[in-house]
Amino acid sequence: MVDDVNGAIRNPPARIVVGISGASGAIYGARTLDALNDLGIESHLVVTKAALLTLSQETDLTPDALTAKASVVHRLGDVGATIASGSFRTLGMIVAPCSVRTMSEIATGVTSTLLTRAADVTLKERRPLVLMVRETPFHLGHLRTLTALAEMGAVIAPPLPALYARPASIQEMVDQSVGRALDLFGLDWDAVQRWKGLS
Ligand SMILES: Cc1cc2nc3c(=O)[nH]c(=O)nc-3n(C[C@H](O)[C@H](O)[C@H](O)COP(=O)(O)O)c2cc1C
């Protein structure tokens, strides 16, 4: 985030783009927005149509309740939105959860929606792009796509439970994964259970 000739950091923007796609785990996106609110970070949300399906199947949240958690909500088709341009400065982007379809679109640069365009912009601007890819099992094509994305600089952070943290509820399990993903942006969310070593 060095942005002038003297190497100084000038007004780093406290904002993150949040994409929610239609893999199982819409709650990861919802809790990401809650975490960013707790941390005082401006969130720019873009949600796919399939994500609205998983939201209704997996949670009691309405689309309005989800979008109310975001600072700014962008329409999926609005490729003229601020987050479609690299000149709009952000700390990066997280896709939580990230479907195979969305992952594949980002990997190819096809970017037919604002979500995948914003992810492409994040990569080209060399900002952190964290993809909470969720599918199981993976076939070889998935694994090759994941490798290509890692080679491009994306961080592949599947939402896998950290059982060492002894989660007592689904929310604790989700929050641990969300908090560890936000660690990748240098953010420290209170909900994270940090390993203190064996005593
Ligand atoms: C309840 C439900 C669960 C799904 N779970 C997954 C999943 O875990 N991973 C995945 O890649 N796709 C999953 N899908 C399929 C995606 O929603 C589908 O491929 C969709 O086209 C993704 O579009 P998007 O990337 O624009 O959100 C699921 C669909 C439904 C309805």
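Mentor: Helices here are DSSP runs of H or I with at least four residues, and strands are runs of E with at least two, numbered from the N terminus. The model is predicted, so local features need pLDDT of at least 70 and side-chain atom pairs count only at pLDDT 80 or more, while totals for chains, interfaces and linings use all residues. Residues are numbered from 1 along each chain as its sequence is written, and side-chain values use heavy atoms, with hydrogens and water left out.

Trainee: Where is S21 found?

Mentor: S21 lies in the loop between β1 (15–20) and α1 (26–39).

Trainee: Is S21 buried or exposed?

Mentor: S21 is buried, with a relative accessible area of 0%. Buried means under 20% relative accessible area, exposed over 50%, and partly exposed in between, using a 1.4 Å probe and protein chains only.

Trainee: Which residues is S21 in contact with?

Mentor: Leaving aside neighbours within four places in sequence, the contacts of S21 (heavy atoms within 4.5 Å) include T48, V95, P97 and T102. The S21 side chain also reaches the backbone oxygen of P97 at 2.8 Å.

Trainee: Moving on to β5, why is the strand largely enclosed?

Mentor: Five of the five residues of β5 (residues 129–133) are buried, so the rest of the structure largely encloses the strand.

Trainee: Which way do the side chains point from β5?

Mentor: L129, L131 and V133 point one way, and V130 and M132 the other way. In a regular strand the side chains alternate between the two faces of the sheet.

Trainee: How many bridges join β4 to β5?

Mentor: Four bridges join β4 (residues 93–98) to β5, and the two run parallel. Opposite V133 in β5 stands C98.

Key. A polar contact is a pair of N or O atoms within 3.5 Å; within protein, one must be able to donate a hydrogen and the other to accept it, and residues adjacent in sequence count only if both atoms are side-chain atoms. Two strands pair if DSSP finds at least two bridges between them.
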